[in-house]
Amino acid sequence: MTSVPQPTAPEPAAPAPGGREPIVQVVDLVKHFPLTQGIVFKKQVGAVKAVDGVSFDLFRGETLGIVGESGCGKSTVARLLMNLEVPTAGQVLYKGEDITRLSGRALKAVRRNIQMVFQDPYTSLNPRMTVGDIIGEPFDIHPEVAPKGDRRRRVRELLDVVGLNPEYINRYPHQFSGGQRQRIGIARGLALRPEVIVADEPVSALDVSVQAQVINLMERLQHEFGLSYMVIAHDLSIVRHISDRVGVMYLGKIVEIGSDEAIYEHPTHPYTQALLSAVPVPDPEARERRERILLSGDVPSPADPPSGCRFRTRCFKAQARCAVEEPPLAVPEVFRGTGSPAGHLSACHFAAEMPLVVPGE
Ligand SMILES: Nc1ncnc2c1ncn2[C@@H]1O[C@H](COP(=O)(O)OP(=O)(O)O)[C@@H](O)[C@H]1O
Ligand code: SF4
Ligand SMILES: [Mg+2]
């Protein structure tokens, strides 16, 4: 007897790549910092458009890398995601709930689940606190996670998890190297068993030789604890190593976003192409062959971004249309329905692939 196909459960409203569901959704997020003049009577004379309409999903269990030059708004996105800033407009949904307007207990509950690892392990750890107190500090705010009598055991466990000797629990930050301090920062981030970790340039302040160790640790912890990561970096090679998907930011906007293969092997936005052309490649022969795309001029002020496409003042492909029409972040028409990895979101009127020599994974 042949089996009759059974009706299956309906698809979720927004099916995700690979069937995964988004854990965090950022929707049209805007953060403008007012620019004021005058000392007594402050008058607003403009605004720094640090984040200016950013949307992306973070899927459960994935690592989303966010890259872009200094000042493009990466840390502000991170702070908005952590609810450390109030957005000017837009939403941050955590499991479908907008967390930007939460307060009191509801906010505290969400905060527990989204934790941050900071860039500089030298300044982000209080020098007067022992490592045990630093890692155990989140338990003061959330005593329900670890009752007082159990905290030192939990901290020792966390030290062990991040590859540090649990006997170091009474030492002070200055007794550790940079890499070890970042492990302490990561242990503190893990203390409350969060679901999401936002890491803002987690290895930028470290020696190149220890960067890989910390990244490897983060990858191991992601699998062990089922974490979802948003990792911010200005270094594209670091992001490639750790990310499943990558978003490229320029002057408060995401200009291109896609799988790591799409962004590194098939970038279509001139800004991404220029950034990739500047990443060091170790192979001398490849270095000979590559052409570097030089960006003209400096990054314009986010208080007064260029009309149309914000990248146009530095773009090697800019045309008249770019000054008057803002390119939407969309799959460029030429790639639509082609199935090509170049068919990912890119905010350029003239999105196209170009031959690039890029560093491998
Ligand atoms: N609290 C603030 N007040 C005013 N301007 C700010 C503030 N925080 C950030 N900015 C400005 O917003 C822009 C984006 O900053 P940031 O998010 O730190 O960028 P990134 O992390 O990519 O270097 C910069 O021009 C920065 O000077
Ligand atoms: S829209 Fe125009 S200025 Fe902007 S990236 Fe594309 S070609 Fe360059
Ligand atoms: Mg930053």
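**Entry 1: ligand 1.** I looked up the residues around ligand 1 in this predicted model and found F33, V48, A50, G68, S70, G71, C72, G73, K74, S75, T76 and P302. A residue counts as near the ligand if its C-beta atom, placed from the backbone, lies within 6 Å of it. I noted that β2 (43–59) and α1 (74–81) each supply at least two residues of this shell, and that α1 gives the most, with 3 residues. Helices (H or I, at least four residues) and strands (E, at least two) are DSSP runs, numbered from the N terminus. I recorded the shell as 5 nonpolar, 6 polar and 1 charged; Ala, Val, Leu, Ile, Met, Phe, Trp, Tyr, Cys and Pro count as nonpolar, Asp, Glu, Lys and Arg as charged, and the others, Gly among them, as polar.

Residues are numbered from 1 along each chain as its sequence is written, while chains are lettered from A and ligands numbered from 1 in the order in which they are written. Local features need pLDDT of at least 70, side-chain atom pairs count only at pLDDT 80 or more, and totals for chains, interfaces and linings use all residues.

**Entry 2: the sheet.** I traced an open sheet of 7 strands with mixed pairing, in the order β6-β7-β8-β3-β9-β10-β11. β6 (114–117) and β11 (345–346) each have a single partner strand, so one side of each edge strand lacks a neighbour in the sheet. Strands pair if DSSP finds at least two bridges between them. I found β7 (residues 196–200) running parallel to β8 (residues 228–233), joined by 5 bridges, with V198 opposite M230 in β8.
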